[in-house]
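Please read the following points with the sequence and the model open side by side.

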Amino acid sequence: MVDDKTSGGGGLSEAVKPHYHGHRERARDRFNTVGGDALADYELLELLLHIILPQKDTKQLAKELIAKFGSFSEVLGATPRRLAEVKGLGAISITHLKVAQAVAQRYGRDQIVADKPLLGSWSQLIDYCTAQMAYETIEQFRILFLDKKNRLIADEVQQTGTVDHTPVYPREVIRRTLELSATALILVHNHPSGDPAPSSADVRMTREIADIAKPLGITLHDHIIIGKSGHTSLRALKLL
């Protein structure tokens, strides 16, 4: 692991300005012209690394990170331990990458917290859940608690598990729903394997929660499974 310290003082003179400064200016100009969506993953990551490592040439580092982890999102979602395996990243720069991930997740959450029915912004909900969970290395079971107008009351991770299993206790789900005075739920969990296809255990657990919730006037809208390759809705599959 390398040290992230950068030199202090004023700007570099034109005579000693590193060769990559002109490249950085061109990269920023390209971003300002075409926007982030038009950039390759390594190009966007390179721009982020410009901020984190201002005194280093980060183009090759960005390419190495994408090659190791697969995509921009997978780089941000990688654990600090795995990021530390990459030459050129130290403790400070790894923390800054995790801050960038948290910023992206908070932005996504705020897009769905507005005072409007959550079911009316389904694509934003899927984008949010994907950003939160698709690149986690262990399974995570989260619950979106809604009021009678289907507005979000709370978004909570109830359980985390292993790479392929998360223990879920239906009665605990209902207990927490009653504590929050929620009247509807959306269940969400991720498959670290990347395949969002539901297992028989996923279907069984979902139906058990629905059966307990219904007599209490609690609606289970859906159970969404998030994977790197996409998402699956148990309601859309008519499994709920």
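**Notes on the predicted model**

1. The chain exposes about 12,900 Å², of which carbon and sulfur atoms supply 53%; accessible areas come from the Shrake-Rupley method with a 1.4 Å probe, and for residues only the protein chains shown count as cover. This is a predicted model, in which local features need pLDDT of at least 70 and side-chain atom pairs count only at pLDDT 80 or more, while totals for chains, interfaces and linings use all residues. Residues are numbered from 1 along each chain as its sequence is written, and side-chain values use heavy atoms, with hydrogens and water left out.

2. Of the 240 residues in the chain, 41% are buried, where buried means under 20% relative accessible area, exposed over 50%, and partly exposed in between (1.4 Å probe, protein chains only). Among contacts (heavy atoms within 4.5 Å) between residues at least 6 apart in sequence, 62% join residues at least 24 apart.

3. The secondary structure comes to nine helices and five strands, the elements being DSSP runs numbered from the N terminus (helices H or I, at least four residues; strands E, at least two). From the N terminus on, their order is α-α-α-α-α-α-α-β-β-α-β-α-β-β.

4. Five strands form an open sheet with mixed pairing, in the order β2-β1-β3-β4-β5; two strands are taken to pair if DSSP finds at least two bridges between them. The edge strands, each pairing on one side only, are β2 and β5 (230-233). Neighbouring strands of this sheet are turned against each other by 20° on average, direction ignored; axes are lines fitted to C-alpha atoms, for helices over the stretch in contact, and angles run from 0 to 180 degrees between N-to-C directions. Helix α9 (residues 200-213) packs on the sheet, where it touches β1, β3 (184-190) and β4 (219-227), and its direction makes about 160° with that of β4.

5. Strands β1 and β2 run antiparallel and are joined by seven bridges. Within this pairing, I143 stands opposite E156 in β2, and Q140 stands opposite T160 in β2. The hairpin of β1 and β2 has five residues between the strands, and N150 in it takes a positive phi near 60°.

6. The structure holds 10 salt bridges, each defined as a side-chain nitrogen of Lys or Arg within 4 Å of a carboxyl oxygen of Asp or Glu. In one of them, the side chains of R142 and D155 meet at 2.9 Å, N to O. This pair links distant parts of the chain, with R142 in strand β1 (residues 140-146) and D155 in strand β2 (residues 152-160), 13 residues apart. R142 is buried at 6% relative accessibility, whereas D155 is partly exposed at 21%.

7. A salt bridge also joins the side chains of R151 and D147, at 3.0 Å, N to O. Here R151 counts as partly exposed, with a relative accessibility of 26%, and D147 as buried, with 16%.

8. Which strand residue does R176 reach by a salt bridge? The side chains of R176 and E156 meet at 2.5 Å, N to O. Salt bridges that share partners join E156, E172, R175, R176 and E179 into one network.

9. In helix α3 (residues 59-69) the buried residues are L61, A62, L65, I66 and F69. Seen down the axis of α3, they fall within an arc of 135°, so they line one face of the helix; the arc is that of the directions from the helix axis to the C-beta atoms. Their cover includes α2 (41-52), α4 (72-77) and α5 (80-83). After α3 comes G70, with a positive phi near 110°.

10. A27 lies in helix α1 (residues 20-34) and counts as buried at 15% relative accessibility. Leaving aside neighbours within four places in sequence, A27 is in contact with L47 and H50. A27 and E43, 16 residues apart in sequence, are 7.8 Å apart in space, C-alpha to C-alpha.
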